Amino acid sequence: MIVTILGSSAKQTAVRECVSILVDAGNDSILFDAGPGVVSSLRRVNRKSACINKVILTHVHGDHILGFAYFIFDRNSEIKAQKDIPAEHATLTVYGQADVINLAKCMLDLAYPGMKLSFRLEFVEVADGSELYTDNTQVKFVDAVHAVPTLSTVLCCDGKKLVYTSDTLPNEALCEAAMNADCLIHEGMYTSASLSRSRKSKHATVYDAAQFANKAAAKSLLMVHIAPNMFGNEGEMLREAASAYTGNMSIPVDGCVYWV
């Protein structure tokens with residue numbers, strides 16, 4: 001699997017976009033979340049929206065979904081202009097909970113009413129415990145612990161396991177499904193100095209992420225959804241995380257690419 005961090009921030013800023021992750025697994029190119037700058041993020045890493053064939057939207061908060069309608073518009077334009085789109089990418093399938101699917105459809109209808117799509121667009125409702133199988137890829141969804149209904153995702157392909165928590169407080173239910181993950185992408189918005197704020201807003205600290213990585217015996221940990229006021233303090237965040245987890249870990253910036 002190849003993991004490209006399109007966005008790593010909790011908020012859209014001049015230097016980092018909201019969290020969005022592109023995973024190439026088997027024959028699939030899967031976009032996890034579509035924040036407001038997702039199309040620009042794809043351009044910066046020289047990737048095309050037309051080559052993405054699956055989108056997983058984890059919850060309704062704007063930093064995770066507001067770029068969806070423009071992503072569809074951009075993908076439609078690219079496919080119209082290209083003649084060599086792989087057959088397996090001709091259809092785009094969008095996965096999410098009922099509220100997420102309804103919001104995505106509404107945004108698309110309001111932003112581009114009457115747009116004629118040059119590809120097939122499918123929406124699939126998923127929930128806690130849902131599992132998907134495509135070729136050699138398996139995806140399982142587990143409820144996160146956040147202010148609104150949110151799904152964490154476990155993706156397995158070619159003997160490798162990737163876990164994306166999305167926004168969540170410590171999530172015991174996810175731990176069993178995440179055991180021995182080759183790559184754990186966990187929210188790490190704050191340090192423990194902001195623990196009360198973390199608990200009130202239902203966002204994880206880097207220590208939370210590190211504890212989870214240790215408990216799940218994850219081989220590597222990427223911490224994303226970083227609060228902008230923590231930019232420049234990544235060393236402090238990593239030192240705190242290192243007190244609970246001794247594996248490979250990093251706080252990626254936008255554009256980082258990982259082999260899993």
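Which residue is the bridge partner of E187 in β12? The partner is V224. The description below refers to a predicted model.

## Sheet β7 to β13

The strands β11 (residues 183–187) and β12 (residues 220–224) run parallel and are joined by 4 bridges. Both belong to an open sheet of 7 strands with mixed pairing, ordered β7-β8-β9-β10-β11-β12-β13. At its edges stand β7 (131–134) and β13 (248–250); each has a single partner strand, so one side of each is left without a neighbour in the sheet. From one strand to the next, the twist averages 15°.

Helix α7 packs on this sheet, where it touches β11 and β12, and its direction makes about 150° with that of β11. Helix α8 lies across β12 and β13 and runs at about 150° to β13.

## Packing of α7 and α8

Two packed helices are described by the angle between their axes and the distance between the axes. For α7 (residues 206–215) and α8 (residues 234–242), the angle is about 40° and the axes are 8 Å apart. The crossing of α7 past α8 is right-handed.

On the α7 side, the contact involves V206, Y207 and A210, which meet M237, E240 and A241 of α8. Classified by residue type, this contact has 5 nonpolar residues, no polar residues and 1 charged residue.

## Sheet β6 to β14

Another open sheet, of 7 strands with mixed pairing, has the order β6-β5-β4-β3-β2-β1-β14. Its edge strands, β6 (120–125) and β14 (257–259), each pair on one side only. The twist averages 20° from one strand to the next.

Strand β5 (residues 91–96) runs parallel to β6 and is joined to it by 6 bridges. Within this pairing, G96 stands opposite E125 of β6. Helix α3 (residues 68–81) packs on the sheet and touches β3 (28–32), β4 (54–56), β5 and β6, with its direction at about 170° to that of β5. Helix α4 (residues 98–111) also packs on the sheet, in contact with β5 and β6; its direction makes about 150° with that of β6.

## Aromatic pairs

The structure holds 4 aromatic pairs. One of them, formed by F32 and Y164, is edge-to-face, with 5.7 Å centre to centre and 80° between the planes. This pair links distant parts of the chain: F32 lies in strand β3 and Y164 in strand β10 (residues 160–164), 132 residues apart.

Technical notes
Residues are numbered from 1 along each chain as its sequence is written. This is a predicted model: local features need pLDDT of at least 70, side-chain atom pairs count only at pLDDT 80 or more; totals for chains, interfaces and linings use all residues. Side-chain values use heavy atoms; hydrogens and water are left out. Two strands pair if DSSP finds at least two bridges between them. Helices (H or I, at least four residues) and strands (E, at least two) are DSSP runs, numbered from the N terminus. Axes are lines fitted to C-alpha atoms, for helices over the stretch in contact, and angles run from 0 to 180 degrees between N-to-C directions. Contact means heavy atoms within 4.5 Å. A crossing is left-handed if the near helix is turned anticlockwise from the far one by less than a right angle, and right-handed if clockwise. Ala, Val, Leu, Ile, Met, Phe, Trp, Tyr, Cys and Pro count as nonpolar, Asp, Glu, Lys and Arg as charged, and the others, Gly among them, as polar. Rings of Phe, Tyr and Trp (its six-membered ring) pair if their centres lie within 6.5 Å; planes under 30 degrees apart count as stacked, over 60 as edge-to-face and the rest as tilted.
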